[in-house]
Amino acid sequence: MIHSRFLNRCLAPALLLTLLSVFAVQAAAQVTSDFDPFASDAVLTSITDQLDAAEVEQDFLNASRNQVLDIQAAAGSCSIDAAASRSSIEARYLPLKDVDADVAPAIFDQRTEIKNQLDQAIARETQCNAVYETARVIIIRIAERQSLLSQKFLSSKSKNILTLLHEAPAIVAGWPGAIRDASKPELIEDITLTELLWMLLIGGTIAALAGLTLRLRYGSKLIETAANADSPHIATVIAGPAIHQAPTLLEGLTLFAVLNLTLADSTSDLAIVRLALGIFLYGIGAVLIDWATGPSSPSMRINGLIPDHVRPLRLRLRLVITALIVSFVTLGVGGSAERTPGVDPLMFFAVVMLVAITLLSTLNYLRRIPGLQGRFRLVRYLGSLAVLIGIGGLCLGYQNFAGYLVHSVTMTCLALLMLWAGLWMVLVAAEYLIDNDTPGAARMRLSLGITDQGSRTGAGFLQLVADLFFWISFIVFLIYVWDQSGNTLNKLLEMVMTGGTVGNIRLVPVDVIGGILVFAALLVVLGWVKRWIDRRWLQHIVVDRGARDALITLFGYVGFILALLLGLTQAGVDLGGIAIVSGALAVGIGFGLQAIVNNFVSGLILLFERPIKSGDFVTVGDTEGFIRQIRIRATEIETLDNQNVLVPNSELVSGRVTNWVLRDTHGRLRISVGVAYGSDVELVRQIMEKVAGDHPDVITDGRAPAPRALFMRFGDSSLDFELRVRIQRIERRFTVISDINFALNAAFAEADIRIPFPQRDLHLITLPEHQTETAVAMPAARPTVEEKSAPLAADQITRTHRHELEVKCEPDRMWQTLIDVDQLKRWLIRDGTFLPRIGGSFKFEIRDETIVSGRVDIFLPPRRMRMVLSPQEGEEPLSSGPITIEFFIRERDGRSVLTVTVSGIPATEDWEHYYRSSEDRWENGLKELRSLLLEK
């Protein structure tokens with residue numbers, strides 16, 4: 001599993017980079033004061049002159065665009081600074097505008113100096129604005145030239161397939177010479193070509209043997225570990241495929257290392273260097289393929305892939321990787337993306353055709369896998385169509401266009417694979433943080449500031465951020481691959497860097513993102529500092545836990561406000577405007593947010609005055625329990641039934657609160673007992689005091705009055721006593737009362753002391769003789785309620801709803817839609833697990849976000865199945881029995897009929913919403929099932 005040390009090592013550099021980026025932005029703002037408009041204008045004029053030329057290279061356009069963007073950004077910052085300086089100087093000049101030199105010469109001289117400064121500021125602002133506008137126009141011209149060059153490049157035509165086949169013998173005849181030229185690299189001194197070949201042979205052989213040794217020694221062990229593991233493990237996810245491909249990886253690395261040590265220039269321009277890198281890259285690709293189609297990846301959930309289609313799919317994927325490596329070795333770093341002037345057209349044709357055929361074969365094979373049938377159909381069709389168009393263009397002679405299409409489809413497929421793998425890794429990491437109770441997971445949650453109570457929320461937020469990162473990276477990569485001119489990505493980058501104006505507000509996305517990063521980083525640092533202060537300082541300075549919690553809470557409030565202000569400042573928000581908005585909000589707070597402000601201030605009073613603190617046992621109205629946490633709006637109280645009740649802080653300050661343990665944890669109990677008349681009252685007193693004194697929670701060591709039994713009154717049916725005792729922990733009073741009552745009952749029974757029933761007088765009235773005869777002549781009375789069969793209680797009555805679906809299809813197909821999770825996802829559920837057998841478990845997330853789980857009670861394929869739902873987490877079992885869902889399939893007039901019966905729903909008002917939701921769920925689900933079964 002992922003270890004917390006790894007995450008700490010990643011978080012620290014990330015935090016450092018965030019802070020450095022803030023300092024870099026501030027440094028860049030300081031550099032704008034040194035901006036020279038005249039020099040920048042001269043550079044822009046030079047670039048404009050070169051743009052006017054008839055022929056312009058793409059590299060010049062890219063370099064010029066980056067240079068002009070830098071000038072534009074500096075000019076924009078210069079304009080903003082100059083405008084601010086002008087406004088400041090105008091404020092100083094306005095009072096001195098009408099000063100006369102004859103009246104106040106000294107002040108007039110000061111006025112003249114300020115006027116000169118104002119003229120300089122206006123001139124600088126004008127110059128910066130002019131440079132900014134000129135740079136904007138030049139960027140538009142560069143984008144237009146880039147689009148024209150891209151269109152010209154893609155539409156250029158070379159030799160078609162017939163011409164290439166005609167010239168093929170002559171072209172092939174020249175390949176040996178080209179290979180010999182490529183095989184004569186420039187070596188360092190004292191190294192000959194023969195020595196280089198021997199070093200490559202020996203090094204490659206040793207590396208291959210070492211890789212085979214690793215595979216034989218650890219490969220089977222890792223495979224066995226992967227087969228027996230219940231969840232993905234880092235050793236099986238990465239190490240297993242890597243060990244299997246160790247010979248290729250080690251051989252490629254060794255050959256590349258030998259070439260770097262022996263060649264004078266070991267760049268990727270040399271074919272022999274690209275060959276060594278190609279071997280290593282093939283090993284990396286094979287590792288990804290083995291993982292993506294193995295049991296430790298999410299592909300294990302694809303129906304029918306493992307084991308039937310694994311080997312054919314791996315073969316086709318490895319052919320694609322091989323074709324890409326051949327393209328890299330023969331055509332260079334650009335590969336099949338474009339044909340450079342020095343590349344042989346026949347070789348380019350052959351390589352691009354090889355990549356296209358292997359890619360098309362893989363895309364077509366995916367539709368054979370049952371779990372992918374009907375899924376990602378649009379992506380597969382569009383990819384196959386683009387490859388076919390590329391093959392057609394290649395045969396007609398449009399090699400640049402064909403290479404562009406084939407290369408773009410290939411890169412898109414690789415990006416989809418990496419996105420799929422990245423999202424799965426994020427999901428596994430989130431589940432590890434939420435569900436795992438190992439020390440490593442606990443340390444990781446602590447490092448991230450995620451509490452055990454909020455682990456799901458915190459991990460879900462981190463998962464959302466990571467998923468957004470992968471999706472945004474994927475979209476940006478797609479734009480980079482498919483935008484041949486580069487204008488789209490450049491415009492997006494320009495929008496992010498320069499921003500735009502919304503009304504009177506200028507929004508710069510990079511500043512906003514920087515502000516969010518600063519705010520998030522400071523919150524993480526704040527969490528670390530709070531835990532460090534609590535562990536290292538407060539535990540030794542402040543003994544009381546409640547005081548420590550109060551100080552930590554106040555520190556957290558102050559730190560949050562500071563982090564928010566710093567984040568807003570980095571985002572470019574004017575804090576002066578916030579002060580105006582705060583004044584307006586104060587009026588709204590006075591009218592509409594009185595309760596919230598009241599609770600907030602009350603929370604501060606509770607933290608400072610501390611009439612209650614964490615761990616106290618309190619009674620607030622009808623709520624009784626332990627104080628768990630005093631928050632900004634409400635205080636969390638955990639009752640003795642483990643229910644968490646949020647009480648507004650204002651009720652705790654202005655209302656009546658009983659704090660049972662404010663001064664100490666002791667408390668007094670009063671237990672009333674009545675004994676029968678005639679009992680030995682002295683013996684009763686002795687028994688009661690002895691039973692109370694024997695209880696371990698009762699205080700008998702002199703710290704409080706000893707247990708005492710008092711004769712309170714002569715009751716109607718009993719002599720009433722009251723036992724008064726003091727216990728050490730008042731929150732245990734119910735348990736102590738119960739224990740003492742049990743002991744008193746046993747002691748009284750042993751001493752033959754009776755606890756009487758209430759006494760009542762019964763008066764019998766004799767009826768006259770004629771009324772007696774009438775009563776005898778009357779028919780027998782109806783049986784009383786007790787004589788009848790006892791009616792069901794309200795919580796014993798249940799409701800049932802039944803639905804029926806009749807479709808012309810095979811019963812086996814209908815049965816498959818009930819027991820196959822992938823089929824259930826198409827008409828009823830979002831996700832889940834299911835073991836279709838008697839006693840098998842299931843857990844589904846329905847499309848309406850309801851979570852249901854339980855076991856299978858009856859399973860008679862392919863006709864009948866009954867599923868018993870388990871109570872939700874924290875719920876008690878229903879007194880009327882569990883809720884069941886029964887499926888029954890039968891044939892009628894050549895059609896398959898499915899009957900779904902949901903039984904056991906309590907017929908109470910509390911369950912009315914569940915009953916209606918269940919009816920709607922199955923009505924809509926069966927409609928979806930009908931559409932699914934009618935698909936061809």
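So, is Leu468 buried, exposed or partly exposed? Leu468 is partly exposed, as its relative accessible area is 45%; buried is under 20%, exposed is over 50% and partly exposed is in between, with a 1.4 Å probe and protein chains only.

Quick caveat before I go on. This is a predicted model, where local features need pLDDT of at least 70 and side-chain atom pairs count only at pLDDT 80 or more, while totals for chains, interfaces and linings use all residues. Residues are numbered from 1 along each chain as its sequence is written, and side-chain values use heavy atoms, with hydrogens and water left out.

Okay, back to Leu468. You'll find Leu468 in helix 16, residues 455–482 (helices are DSSP runs of H or I, at least four residues, and strands are runs of E, at least two, numbered from the N terminus). Leu468 is part of a nonpolar surface patch with Phe461, Leu462, Leu464, Val465, Ile472 and Val476, and together they have about 620 Å² of accessible area.

Now the rings. There are 15 aromatic pairs in the structure. Rings of Phe, Tyr and Trp (its six-membered ring) pair if their centres lie within 6.5 Å; planes under 30 degrees apart are stacked, over 60 edge-to-face, the rest tilted. Take Phe519 and Phe560: the ring centres are 5.7 Å apart and the planes sit at 75°, so that's edge-to-face. This pair links distant parts of the chain, with Phe519 in helix 18 (509–541) and Phe560 in helix 19 (545–570), 41 residues apart. Phe519 is partly exposed at 22% relative accessibility, and Phe560 is partly exposed at 39%. Trp911 and Tyr914 are edge-to-face too, because their centres are 5.3 Å apart with planes at 75°. We also have one aromatic cluster made of Trp291, Trp420 and Trp424.

And a charge: Arg799 lies over the face of Tyr915, 3.8 Å from the ring centre. The criterion there is NZ of Lys or CZ of Arg within 6 Å of the ring centre and within 35 degrees of the ring normal.

Let's move to Gln245, in the loop between helix 8 (234–244) and helix 9 (246–262). Gln245 has 7% relative accessibility, so it counts as buried. Leaving out residues up to four places away in sequence, Gln245 touches Gly283, Ala286, Val287, Asp290 and Arg318, where contact means heavy atoms within 4.5 Å.

Last stop, Pro312, which is in helix 11, residues 305–331. Pro312 is partly exposed, at 25% relative accessible area.

Key: Patch = residues over 30% accessible without salt bridge, like charges linked within 9 Å, V, L, I, M, F, W, Y side chains within 5 Å. Areas by Shrake-Rupley, 256 points an atom, 1.4 Å probe, with all protein chains shown as cover. Salt bridge = Lys/Arg side-chain N within 4 Å of Asp/Glu carboxyl O.
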